[in-house]
Amino acid sequence: MTKELLKQVRVIDPVQHTDTIADVLIIDGYIQAIAPQITDISADTSIRDCQGLVLGAGLVDLYSHSGEPGFEERETLSSFLQSAAAGGFTRVGVLPDTLPAIDKPALVTQLQQHRDRQKPCPHLHIWGAITLDLAGKQLTEVADLAAAGVVGFTDAKPWDNLGIVRRVLEYLQPFGKPVAFWPCDRHLAANGTIREGAEALRIGLSPLPYSAETTAIAALLELVADIGTPAHIMRVSTARSVELIAQAKAQGVPITASTTWMHVLLDTTSMRSYHTSLHLDPPLGNHQDMLCLRGAVRTGVIDAIAIDHAPYTYEEKVQAFAESPPGAIGLELALPLLWQNLVTTGEFTALELWRVLSHQPAACLQQEIKPIQPGEKAELTLFDPQKIWNVNKANLHTLSYNTPWFGQEITGRVVETWCNPVRF
């Protein structure tokens with residue numbers, strides 16, 4: 001039996017909307033007691049001074065990319081889960097764009113068995129492909145995938161054929177599982193790598209028009225309103241997209257939406273460095289887009305912040321900006337950087353940030369986060385917002401290092417996660 005007393009820790013509970021200082025006693029992975037002071041403990045209880053530390057509900061990542069199977073040089077499932085745990089995530093969703101794609105029940109079972117061999121680990125939630133080989137043509141055997149235990153369905157890529165999107169919404173409705181779409185018109189996007197605007201002209205990269213995203217979102221919203229199947233909109237990146245989503249929600253259209261942590265944190269001015277880890281898809285927004293996304297996250301128009309962790313090897317990323325594959329790692333970096341740039345500055349409260357990294361992503365997956373109270377399983381994240389550390393190979397659990405913060409010092413680091421408990 002393991003017993004641990006966290007003394008005077010700041011407890012952030014997005015379910016009960018509380019932010020308090022308390023002692024927390026955890027015994028064998030369950031919360032035994034929470035009180036202003038706990039003194040009645042056995043001699044074998046480990047006591048930790050947690051003044052200045054934050055204890056919150058375990059973080060939940062809606063979607064990220066694992067290299068395995070097919071791209072193990074980028075990330076194995078083991079390193080993916082270790083990276084998630086080190087970032088404070090107790091649940092993480094893996095997208096189906098592996099090789100082969102996760103479009104058959106056998107592969108879902110294989111990944112589940114691999115997951116179950118990892119002790120301790122976050123809970124791995126597997127997204128099933130909507131179409132075979134993510135080609136956008138022939139539907140998968142979604143009933144078999146649902147029976148195999150996928151968390152939901154997505155191809156995690158833009159769709160060219162709205163007729164198939166309509167069929168997907170009709171066909172998936174009876175299964176009652178999340179269905180996620182990334183709206184982008186690739187014909188309008190063309191070869192754009194930076195959001196259109198003054199900064200695009202200054203930097204000299206090929207611009208990507210706002211309409212590539214907004215027209216696709218508008219079309220998807222019309223289909224969802226017509227069919228009635230709830231849908232999740234991934235990777236929202238523009239102010240106009242936020243307006244469209246807000247209008248649809250006000251009209252009762254059954255949608256949820258997410259943006260990524262880097263779109264909330266940065267804008268196109270960051271791309272002046274031409275760092276290929278800032279090549280994202282969709283690209284970073286202009287300053288007004290970023291501010292609008294932050295506001296939408298705070299008000300709930302955007303339900304959740306996703307990490308969209310996308311590992312690539314050094315060789316893949318060391319090339320011309322536009323030729324590099326889009327994406328960056330983030331599982332171990334998102335919480336500290338968001339905390340320092342949003343909470344420490346006073347723009348977000350701690351509860352607001354924790355809500356969109358835990359409670360709300362879980363809700364988008366049709367799951368719930370339990371309140372932090374006696375009797376509940378300890379699915380928790382212990383975070384030190386003052387810990388300074390260097391982002392380097394020795395300090396990262398992911399196999400890839402494609403991040404603009406590589407080699408830099410950042411402030412804030414996860415100390416422990418309980419999922420089973422993992423210390424760092």
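# Questions on a predicted model

User: Where is Asp384 found in this predicted model?

Analyst: Asp384 is found in strand β16, residues 380-390. The model is predicted.

User: What makes you say that Asp384 has no salt bridge?

Analyst: The nearest side chain of opposite charge is Lys387, 6.4 Å away. A salt bridge needs a side-chain nitrogen of Lys or Arg within 4 Å of a carboxyl oxygen of Asp or Glu.

User: What does the side chain of Asp384 reach?

Analyst: The backbone nitrogen of Lys387, at 3.4 Å. The cut-off for a polar contact is 3.5 Å. Asp384 also touches Leu53, Gly412, Arg413 and Val415, leaving out residues up to four places away in sequence.

User: Why is Glu199 called buried?

Analyst: Its relative accessibility is 6%. Buried means under 20%, so Glu199 counts as buried. Glu199 lies in helix α6, residues 198-203.

User: How do you know that the side chains of Glu199 and Arg272 make a polar contact?

Analyst: The distance is 2.6 Å. The limit is 3.5 Å, so the pair falls within it. Beyond its neighbours within four places in sequence, Glu199 is in contact with Ile194, Thr268, Thr269, Arg272 and Asn286.

User: Why are β6 and β9 said to stand at the edges?

Analyst: Four strands form an open sheet in the order β6-β7-β8-β9, with parallel pairing. β6 (59-64) and β9 (152-153) each have a single partner strand, so one side of each is left without a neighbour in the sheet.

User: How do you know that β7 and β8 pair?

Analyst: Four bridges link β7 (residues 89-94) and β8 (residues 123-128), in the parallel sense. Pairing takes at least two bridges, so these strands qualify. Val94 stands opposite Ile126 in β8.

User: What joins β13 to β14?

Analyst: Three bridges join β13 (residues 231-233) to β14, and the strands run parallel. Again the threshold is at least two, so they pair. Ile233 stands opposite Ala257 in β14.

User: What makes β14 mostly covered?

Analyst: Five of its six residues, within 255-260, are buried.

User: Which residues touch the most other members of the largest nonpolar core?

Analyst: Phe181, Trp261 and Leu338, in a core of 115 residues. A second, separate core has 15 residues, including Ala22, Ile31, Leu55 and Leu382. Among the contacts of Trp261 are Ile305, Ile329, Leu338 and Trp405.

User: What makes the phi of Leu134 worth a remark?

Analyst: Phi of Leu134 is near 55 degrees, a positive value in a residue other than glycine. Most residues other than glycine have a negative phi. Leu134 sits in the loop between β8 and α3 (142-148). At 8% relative accessibility, Leu134 counts as buried.

User: Why is Tyr274 called partly exposed?

Analyst: Its relative accessible area is 40%. That lies between 20% and 50%, so Tyr274 is partly exposed. Phi of Tyr274 is positive too, near 60 degrees. Tyr274 lies in the loop between α9 and α10.

User: Where are Pro69 and Pro282 placed?

Analyst: Pro69 lies in the loop between β6 and α1 (77-86). A cis peptide bond joins Glu68 and Pro69, with omega about 5 degrees. Pro282 is in the loop between α9 (261-265) and α10 (287-299). A cis peptide bond joins Asp281 and Pro282, where omega is about 5 degrees. Most peptide bonds are trans.

Methods. Residues numbered from 1 in each chain as written. Predicted model: local features only at pLDDT ≥ 70, side-chain atom pairs only at ≥ 80, totals over all residues. Heavy atoms only, no water. Buried < 20%, exposed > 50% of the residue type's maximum accessible area, 1.4 Å probe, protein only. Lys, Arg positive; Asp, Glu negative; His and termini not counted. Polar contact = N/O pair within 3.5 Å; in protein donor to acceptor, adjacent residues only side chain to side chain. Contact = heavy atoms within 4.5 Å. Core = buried A, V, L, I, M, F, W, Y, C linked by side-chain atoms within 4.5 Å.
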